[in-house]
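Hello,

Here is the structure I promised to send over. Please have a look at the sequence and the model first, and then read my notes below.

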Amino acid sequence: MDAIVPLREDHRTRGVEMTPATGRPSVRRKAHRIGWVLAAAVSVGSVGGCGGPSGREDAAVSTARAFETALGAARFEQACALLAPETRKAVAEASPCGPALAGKRLPATAGAAVTQTFGRQAMVRLTGDTLFLSQFDAGWKVVAAGCTPRAEQPYDCLVKGA
């Protein structure tokens, strides 16, 4: 087995043992680094945000349902408050957000929600509509609504940010 000695040191390899034969970090150092990364990931997952995936999914669904409930009750200003900043700005481009959102004629929804979260992004599919949300410091916000799938292409959304 080759001796493990430092070959060079720069900002990427400072303190990393290198294998002379390959010029790559030693397996021992990689294993140690992987252990730290896994420990950090577990810590972040247990401490972060709204908890595990089901907690984040529940929060995303709650925001999506609140948005749809506000639309159904014609409380468009309340629905606008649930839009992400860039989406609200895009909706209110020509007129205030409430009247502009009313003019979008988003589909009515009902039924159970199917949710998928991807880090700080979520897709909530309700009967009649699909919404995309992002998690901000203030909670989940709707970034796109009135979305319908298209074969081999991104969703087509009636409401979306810039």
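Five strands come together in an open sheet with the order β3-β4-β5-β6-β7 and antiparallel pairing; two strands count as paired if DSSP finds at least two bridges between them. At the edges sit β3 (110-118) and β7 (153-160), each of which pairs on one side only. From one strand to the next, the twist averages 35°, with axes taken as lines fitted to C-alpha atoms and angles running from 0 to 180 degrees between N-to-C directions. Within this sheet, β4 (residues 121-127) and β5 (residues 129-136) are joined in the antiparallel sense over 6 bridges, and Gln121 stands opposite Ser134 in β5.

Before you go further, please note that this is a predicted model, in which local features need pLDDT of at least 70 and side-chain atom pairs count only at pLDDT 80 or more, while totals for chains, interfaces and linings use all residues. Residues are numbered from 1 along each chain as its sequence is written, and side-chain values use heavy atoms, with hydrogens and water left out.

As for the chain overall, there are 5 helices and 7 strands, running β-β-α-α-α-α-α-β-β-β-β-β from the N terminus on. These are DSSP runs numbered from the N terminus: helices are H or I with at least four residues, strands are E with at least two. Of the 162 residues, 29% are buried (under 20% relative accessible area, with exposed over 50% and partly exposed in between; 1.4 Å probe, protein chains only).

Now to the cysteines. The structure holds 2 disulfides, a disulfide being a pair of cysteine sulfur atoms within 2.5 Å. In one of them, the sulfur atoms of Cys80 and Cys97 are 2.0 Å apart. This pair links distant parts of the chain, with Cys80 in helix α3 (residues 76-81) and Cys97 in helix α5 (residues 97-102), 17 residues apart. The torsion about its S-S bond is about -95°, so the disulfide is left-handed. Cys80 counts as buried because its relative accessibility is 3%, and Cys97 does so at 8%.

The disulfide of Cys147 and Cys157 has its sulfur atoms 2.1 Å apart. Here Cys147 lies in strand β6 (residues 139-150) and Cys157 in strand β7, 10 residues apart. With a torsion of about 115° about the S-S bond, this disulfide is right-handed. Both Cys147 and Cys157 are buried.

Best wishes
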